[in-house]
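Welcome, and thanks for taking a look at this structure with us.

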Amino acid sequence: NGLLILILLCSTRRRQKNEPPLDKGLIPWLGHAFEFKKDAAKFLARMKDKHGDIFTVRLAGRYLTVLLDPNSFDSVLNDPALRHNRIQLLQSIFSLSLPSIEPATEKKWMEQHFQGVSLSRLSRAMNTHLKNLLLSDHKGCDSLEWKTDGLFNFCYSLLFRAGYLTLFEKEDNAAAVYKEFRTFDSLVTKLARCSLKQEERKTANLSREKLWELLSPARLNGGLESNSWQQKYVRFLQEEGVDAEMQKRALLLQLWTTQCNAGPAAFWLLGFLLTCDEAMDAVKSEIKGLNLQDVSPQHPHINPLEALETPVLDGVLSETLRLTAAVLISREVVQDKILCMANGQKYHLRQGDKVCLFPFLSPQMDPEIHEDPQIFKYNRFLNKDTKKDDFYKNNKKLKYFTMPWGAGRNMCAGKEFAIATIKQFVVLVLTHFDLKIDEAQGAFKLPPVNPSRYGFGMLQPDGDVQVKYKLKRRQHE
Ligand code: HEM
């Protein structure tokens, strides 16, 4: 009965004066939940066409106000009446609860351990691991034969293992963790939306338990004295009063946060380069012009990319992320609030609702901001040979013209490390390997996006695309 009353109450909501357009959908209580789960980008684009830059939709009994005007984003990002709340996500995906940790304390810890001195140390270690893995994976094939692999698997597997070795420093199980992680990662969106079928739930639970075990601090190389990023994180959790069980689970959260984006980003970047000769030539010629002796095996501990300017590669990365990074920035409305838009309009938000930004639709894919937004243009973020950062909407220069890294309290703490990592990977692959399309597969086309991942950070392809690669001749001499 309680449920029925709740359903009726939710169904009777009416738009009040000064509230955003309300779209409850036709299905009682559920509203638009199915369409949203299936392809959030398509659904929100449809709502934007119907209602404009701000609207409220009903999703499984809850009301979500979506703001799609980047000039107005700061009114959401900087407001204390709108709270960033990830308790439910941590519970449903990782079975994790960390009530004793203040989000601001954790954020500070993350920044300390991914920026400044930590950043140089980590990116040097990452460079060494990437190089070792790339070259050792191909040691056996000293012939000059082409190898075939799926590009997504090639990128994800290498970046994941190198990232794991850099942060978790457990050499004995990197390959096993990667394999198990891919099973878990493929079910993450369903875990978050509580939409697993019975068999999938079993697989997800089993996979999560295997990963907890594989990551468990007791199995670490070097025992508790070791000074890896992971060990420092466990000590941080202990100081914050987190018990052993939750420490174990928090490690999977961090494995996912730190490893689920770079591999897919590198995949799209190399994929776009393979579809566009002009871009590939521009990147290769920029790399050729760099003084790269330090990336050679003789100097494994120096990371020259930190010091060298690579505007073309930087622009290609920005353009890649514009097309394939799709975070949903969501806040709880903790008290009634008036939202002021950049155009002067004011809207009332109700306590208990959620408000969210979906920068993938605007600014990233907004035709008013980026011409032909569906198309990869390698020099979109490039002036002659410097970074281009002036983009406009309604004649107003935009602060947020692409937002792959989130913003405000949702800003990626590992941004600099991720950029250094992806650039190192691309430079290593393009200098050490010949990489080309596998013509046997017919015309080269990037696979479509898996639509269930909109809202979860980097997009992933539905399927993979085959490429051929071999070590360049000089590597054998
Ligand atoms: C958070 C994007 C790679 C570490 C985030 C968030 C975004 C993001 C959008 C905010 C999520 C939210 O609050 O809803 C990306 C992208 C990456 C990337 C696009 C690669 C292309 C990395 C890497 C690391 C990292 C390589 C570290 C090794 C973190 C951490 C947070 C975070 C620790 C949580 C920050 C906090 O809540 O304090 N990332 N990320 N990220 N990212 Fe990244």
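In helix α12, the buried residues are Lys248, Ala250, Leu251, Leu252, Leu255, Thr258 and Gln259. Here a residue is buried if 20 or more other C-beta atoms lie within 10 Å of its own, exposed if 12 or fewer, and partly exposed in between, with C-beta atoms placed from the backbone. Please keep in mind that this is a predicted model: local features need pLDDT of at least 70, side-chain atom pairs count only at pLDDT 80 or more, and totals for chains, interfaces and linings use all residues. Residues are numbered from 1 along each chain as its sequence is written.

**Overall build**

- The protein chain has 17 helices and 15 strands; helices (H or I, at least four residues) and strands (E, at least two) are DSSP runs, numbered from the N terminus.
- The radius of gyration of the protein chain is 23 Å, which agrees with the value near 23 Å for a compact globule of 477 residues. This radius is taken over C-alpha atoms, and the globule rule is 2.2 Å times the number of residues to the power 0.38.
- Along the principal axes, the C-alpha atoms of the protein chain fill a box of roughly 75 × 55 × 45 Å.
- Of the 477 residues of the protein chain, 38% count as buried.

**Helix α12**

- α12 has 16 residues and spans 23 Å from its first C-alpha to its last, close to the 22 Å expected at 1.5 Å a residue; the expected span is 1.5 Å times one less than the number of residues.
- The buried residues of α12 pack against α5 (87–94), α8 (151–168), α9 (174–192), α10 (198–215) and α11 (229–239).

**Around the ligand**

- The ligand is surrounded by 23 residues, and the closest are Thr258, Asn261, Gly406, Cys412 and Gly414; a residue is near a molecule if its C-beta atom, placed from the backbone, lies within 6 Å of it.
- Elements that give two or more residues to this shell are α6 (103–114), α12 (244–259), α13 (262–275), β6 (325–327), α17 (415–432) and β14 (456–458).
- With four residues, α6 gives the most to the shell around the ligand.
- By class, the shell has 13 nonpolar, eight polar and two charged residues. Ala, Val, Leu, Ile, Met, Phe, Trp, Tyr, Cys and Pro count as nonpolar, Asp, Glu, Lys and Arg as charged, and the others, Gly among them, as polar.

**A six-stranded sheet**

- Six strands form an open sheet of mixed pairing, in the order β1-β2-β3-β10-β7-β4; two strands pair if DSSP finds at least two bridges between them.
- β1 (22–23) and β4 (82–83) stand at the edges, each with a single partner strand, so one side of each is left without a neighbour in the sheet.
- Strand β3 (residues 62–67) is largely enclosed by the rest of the structure, because five of its six residues are buried.
- β2 (residues 54–59) and β3 run antiparallel and are joined by six bridges, with Phe55 opposite Val66.
- β3 pairs with β10 (residues 354–357) in the parallel sense over four bridges, and Leu67 stands opposite Leu357.

**Asp462**

- Asp462 is found in the loop between β14 and β15 (466–471), and it counts as exposed because it has 12 C-beta neighbours inside 10 Å.
- Leaving aside neighbours within four places in sequence, Asp462 is in contact with Pro447, Pro448, Val449 and Asn450; contact means that the C-beta atoms, placed from the backbone, lie within 7 Å.

Notes
Two residues are in contact if their C-beta atoms, placed from the backbone, lie within 7 Å.
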